[in-house]
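This report describes the aromatic ring pairs of the structure shown below, together with the charged side chains placed over rings.

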Amino acid sequence: MVERGDEAPLLRWAEGPAVSPPLAPDPQAGGRGWGGGGGGRAAAEPPRRREPEELGPSQVLLQPGRLELGDVEEDQVVAVFVVTFDPRSGNMVEWCLPQDIDLEGVEFKSMASGSHKIQSDFIHQLEMPGHYSHLAAFYEDKKGVLHAGPGSGGSLPPVYWLPSIHRYMYPEMKITHPAGCMSQFIKFFGEQILILWKFALLRKRILIFSPPPVGVVCYRVYCCCCLANVSLPGIGGTVPESKPFFYVNVADIQSLEVEVSYVACTTEKIFEEKRELYDVYVDNQNVKTHHDHLQPLLKINSADREKYRRLNEQRQMLLYSQEVEEDYNPCEEDLFVLFFLEQNNRIFQTLLEVSASQDKTLTAEHARGMGLDPQGDRSFLMDLLEAYGIDVMLVIDNPCCP
């Protein structure tokens, strides 16, 4: 059973007086953050992002497959809106500024299907539906003009990054990862996180289904993306970037049709029937794929169990160190990310060394050195070599083919 820590809000209020904004930024620069919410929640449409500058503590960009810091989000927004659910009309824009802004389709993209049936989920900016003075003040303070690029038709690119929440909001908000987010991810999936790890490293399209509330499932998207980080130079250039889409619904089908690698969650059960949109489908704790060649990756092997044992052992050591050393307070998120980063680096370092050798032969001993099962991970290794374009010869015998 998932513990209550998994239900902590991602955006927590930090009540405080309104703060005057800094000097107006370059109007040619832009940024785009989340638009989303349900049950009378608010969202904002900022302009395009700009090139990264010096980063603050809240400006970490999640880029699965790369450990990097990312873009600085611009202050200006071009619209704010509130989406609600009407029993007769369905999803609808209840309020927006400016009133003449074109928000076609946003009522479906910003509210998770089924949100009208639940009492609580993420609260982005609005706690009292119908009272929009703070939202209006926020817009007046941050409003800007959307500059459409050549041939863009005024449309914005898809959002792939975790937004930085600006300190000048009304009232102030900060983005947080709840205590226990990674812990609950591990407890929920158990040894199956090693299955998700392999699919994430192979840059497969992973779709996680859950009924609302969608907040807890967004945590799982984030945690899943943290499985595939690699810090070695020269790795990842030949594979697509795995994009964390977080929540998607039927309004995003056309966009998903052209994506080759992503992690997302949905409350729309109809997605299960649309197999052309995903490679891996996760329903509660059931991880499955319709691709025959990926079926072997669904089996937990001895090396997976050993990795899971070591991960839990390190977590227990972390908890113990936090109890006995008051000044030592490392983050469990860091432990989780670094555990899989080290594992991924070890695999690719070995593969690069073998590919640079004279005979380019990858043996069972190499597989064991990478923390893999020579037989159980044979299919995974073959897919990995193909996906990353690494030139080695796999000489591990297939027990099914004498």
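## Aromatic pairs

A search of the whole structure finds 11 aromatic pairs. Rings of Phe, Tyr and Trp (for Trp, the six-membered ring) are paired if their centres lie within 6.5 Å; planes under 30 degrees apart count as stacked, over 60 as edge-to-face and the rest as tilted. One of the pairs is edge-to-face: Phe188 and Phe189, at 5.0 Å centre to centre and with 90° between the planes. Phe188 counts as buried because its relative accessibility is 9%, and Phe189 counts as buried at 5%. Here buried means under 20% relative accessible area, exposed over 50% and partly exposed in between (1.4 Å probe, protein chains only).

The model is predicted: local features need pLDDT of at least 70 and side-chain atom pairs count only at pLDDT 80 or more, while totals for chains, interfaces and linings use all residues. Residues are numbered from 1 along each chain as its sequence is written, and side-chain values use heavy atoms, with hydrogens and water left out.

## A link between helices and a ring cluster

Trp197 and Phe340 form a tilted pair, with 6.4 Å centre to centre and 45° between the planes. This pair links distant parts of the chain, 143 residues apart: Trp197 belongs to helix 4 (residues 193-201) and Phe340 to helix 8 (residues 332-356). Helices (H or I, at least four residues) are DSSP runs, numbered from the N terminus. Both Trp197 and Phe340 are buried.

Ring pairs join Phe185, Phe188, Phe189, Trp197, Phe336, Phe339, Phe340 and Phe380 into a cluster.

## Charges over rings

Lys198 lies over the face of Phe380, 5.8 Å from the ring centre. The charged end of Lys269 sits over the ring of Phe209, at 4.6 Å from its centre. The criterion is NZ of Lys or CZ of Arg within 6 Å of the ring centre and within 35 degrees of the ring normal.

Methods:
Helices (H or I, at least four residues) and strands (E, at least two) are DSSP runs, numbered from the N terminus.
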